Amino acid sequence: MAKIICKDVVKDIKGHRVIDGISLEMDGGKIIGFRGINGSGKTMLMRLLSGLISITEGSITIDGKELGKDITFPPSLGILIENPAFLDSYTGFQNLKMLAAIKGEASDEKIAETIALVGLDPTDKKKYRKYSLGMKQRLGIAAAVMESPEIIILDEPSNALDSSGVDMLKVILQKEKERGALIVISCHDLAILKEMSDEIYVLESGKVAQYIKEEGQ
Amino acid sequence: MMFFKLAYFDIKNSFNLEWKKLLVVPIGFLTVCFPFYLRYAKIGAGGFGDFWLYMFGGIKEYTYDDAFKFPVIWTVVLLYLFYITLYYPYNDLLGYGQNVLIRSGSRFNWWLSKCLWNAFAVVTFFTLGAALVALFCVFTGGPLSTEISPLMYTEVFEMAADIVYPSYTVGTLIGMPLLTAVAISQLQMLLSLWLRPIFSFGVTAAILILSAYYLKPFMVGNYAMPIRSVEVIPNGVSPQNGVIILSAIIIACIVIGGIAFKYYDIINKEN
C-alpha cells in the first residue's frame with residue numbers, strides 16, 4: 001500500500017508562500033481529507049503531491065522515493081484537480097479510452113464498468129461538450145479511478161454533484177479505500193468530509209492549523 | 001514507446017482541437033494566388049515557383065534611400081502559421097494534457113513530443129500550402145516547376161533590372177522558409193513556458209518585422225526570404241549558414257525546454 005511522507009514542505013510562487021512547512025504522513029487504505037478556505041493551500045498541496053509543481057523546500061517521498069528527484073510523478077496516480085478537463089468532441093468513453101491507452105492498464109470493459117459506476121452510460125454517444133457540469137465531474141472521477149491507482153487525489157470532488165452524486169462518490173471512495181488505495185480529497189463541506197475521511201487536516205495560510213482523526217472510520 | 005504514444009496523441013488531439021484553423025489556409029492561399037494570377041500572368045508569371053516566391057519571397061533589402069515597405073503577405077502567411085501552433089501546448093498542459101503527462105511519467109518525453117508535434121504542424125502547413133498552389137497551377141495551366149519567371153524580380157519585387165537572377169532550387173525556395181518556420185515556431189513554444197502565449201506571439205512578430213527591416217545573418221527571418229539569399233544578392237544571407245543557425249536554434253529549444261520543463265510548475269499563469 002502506498003505511503004506518502006511530507007517533510008517541512010514549502011512552496012513559494014512569485015515570492016508568495018503558498019505552502020508553509022507542512023509535515024504529515026498518509027497511508028494507503030485511508031481517506032485523508034483536507035479542508036480550508038479559498039487560498040488556504042489545498043489545491044497547491046494536491047498539485048505538489050501530484051508532481052505537477054515542484055517543491056521549494058522540504059521533501060515529499062512516495063513509498064521511499066523522493067518526488068522530483070527519484071520520481072517525476074507518483075507512479076500509480078489518479079487525479080481530479082480543479083475542474084475536469086476532457087476533449088469536447090469525444091464521448092465520455094472515447095475520452096477515457098484515449099487516456100487509458102497511454103499506460104494500457106485499463107481495458108475497454110474496465111472503462112465501461114467505471115463509467116457505469118459513476119452513474120453515466122458508457123454507450124452514450126453524447127459528446128463531452130454537451131455534458132452537464134455534474135456529468136463532467138462524474139467523468140473526472142471515473143478518469144481518476146479507472147486504472148485502480150494506488151494514490152487517488154481529488155480536489156473538491158463533490159463540486160457540481162447532486163445528493164445522488166455525493167452518495168455515488170462515497171461508495172466509490174469506500175470501495176477504493178477497501179482495495180488499499182490512499183485517497184486524498186479536499187472538500188469545502190465539512191459534513192461530507194467528516195463522513196468520508198479517516199483523518200482531516202484543516203489548512204490555513206498554507207499551514208496545518210488543525211488535525212482531526214475521525215473515530216470508527 | 002511512451003514517447004511515440006504521446007506523439008501520436010498530440011497529433012491526433014491537436015488536429016481535433018485546431019482543425020478549424022487549418023480551414024483558413026486554403027482560403028488564405030487562394031486569396032493570394034488569385035489576384036497574383038490576374039495581375040502577373042500577362043508578364044509570364046504563373047508557375048508554381050512564381051506563386052510560391054510571391055508568398056514566401058519576402059521583400060527586397062531595405063536601404064535608407066527608400067521608404068520601408070512592409071512585407072504584408074510574407075508576414076501574414078507566417079504569422080498565421082505561428083498562430084496555429086501557438087495555443088495547443090499551453091491549453092493541453094492546463095487541461096486534458098495534465099492527465100496525459102502524469103500517466104506518461106516523463107516530463108522530457110512530454111516536451112519532446114510537443115517539439116515533434118510543433119515541427120509536424122509546420123510541415124503540414126507547408127505541405128498543404130504547396131498542394132494548394134500546385135492545384136491552382138493545374139487549374140490555370142501554369143507549370144509545376146520551381147523555375148522563377150525573370151520578371152518576378154523586377155516587376156513584383158522591384159529589384160534592380162541590371163542583374164541576372166537565378167532560378168531557385170527547391171531547397172532555397174521551400175526548404176529554407178520551412179526550416180526557418182520550424183525554428184521560430186519552436187522558439188515561440190519555448191517562450192510560452194514563461195510568457196503568456198500572446199506575448200510569445202508578439203516576440204515572434206517582432207522577429208519577423210525586424211528581419212524584414214535588417215538584412216543580418218542573426219535576424220533569422222531573413223532565411224525565410226528567398227530573395228534575400230546570397231544566391232540572389234551579393235550581400236544576402238547564406239543558406240548554408242542558415243541551416244547551421246536554424247538547426248542550432250531548434251536543438252537549443254529542445255534542450256533548454258527539456259531542462260526547464262523538468263522544474264516547470266504546471267499552473268495556470270492567469271491565476
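This is a predicted model: local features need pLDDT of at least 70, side-chain atom pairs count only at pLDDT 80 or more; totals for chains, interfaces and linings use all residues.
Trainee: In what sense do E4(A) and E5(A) pair, and over how many bridges?
Mentor: E4(A) and E5(A) pair in the antiparallel sense, over 2 bridges. Here strands (E, at least two residues) and helices (H or I, at least four) are DSSP runs numbered from the N terminus, and two strands pair if DSSP finds at least two bridges between them. Residues are numbered from 1 along each chain as its sequence is written, with chains lettered from A and ligands numbered from 1 in the order in which they are written.

Trainee: Which residue stands opposite Thr61(A) in E5(A)?
Mentor: It is Glu66(A). The two strands, E4(A) and E5(A), form a hairpin with 2 residues between them. Asp63(A), in the turn, has a positive phi of about 50 degrees.

Trainee: What is the order of the strands in the open sheet of 4 strands in chain A?
Mentor: The order is E2-E1-E4-E5, and the pairing is antiparallel.

Trainee: Which strands stand at the edges, then?
Mentor: Strand E2 (16-27) and strand E5 (65-66) of chain A do. Each has a single partner strand, so one side of each is left without a neighbour in the sheet.

Trainee: How many bridges pair E1 of chain A with E4(A)?
Mentor: There are 5 bridges between strand E1 (residues 3-13) and E4(A), in the antiparallel sense. Cys6(A) stands opposite Ile60(A) in E4(A), and Val10(A) stands opposite Glu57(A) in E4(A).

Trainee: What about strands E9 and E10 of chain A: how many bridges join them?
Mentor: Strand E9 (residues 199-204) and strand E10 (residues 207-213) of chain A run antiparallel and are joined by 6 bridges. Across this pair, Ile200(A) stands opposite Ile212(A) in E10(A). E9(A) and E10(A) form a hairpin with 2 residues between them, and in its turn Ser205(A) takes a positive phi of about 50 degrees.

Trainee: New topic. Where is confidence lowest in chain A?
Mentor: Confidence, given for each residue as pLDDT on a scale from 0 to 100, is lowest in helix H6 (residues 190-196) of chain A, at a mean of 89. Strand E4 (residues 57-62) of chain A has the highest value, 97. The mean pLDDT of chain A is 93, with 98% of its residues at 70 or more.

Trainee: And what is the mean pLDDT of chain B?
Mentor: The mean is 90, and 99% of the residues of chain B reach 70 or more. Among the elements of chain B, helix H7 (residues 151-156) has the lowest mean, 80, and helix H10 (residues 239-262) the highest, 97. For the complex, the predictor gives an ipTM of 0.91 and a pTM of 0.90.

Trainee: How far apart are the end C-alpha atoms of helix H6 of chain B?
Mentor: They are 49 Å apart. Helix H6 (residues 107-140) of chain B has 34 residues, which at 1.5 Å a residue should span 50 Å, so the two values agree. The expected span is 1.5 Å times one less than the number of residues.

Note on methods: Side-chain values use heavy atoms; hydrogens and water are left out. pLDDT is the predictor's confidence in each residue, from 0 to 100.
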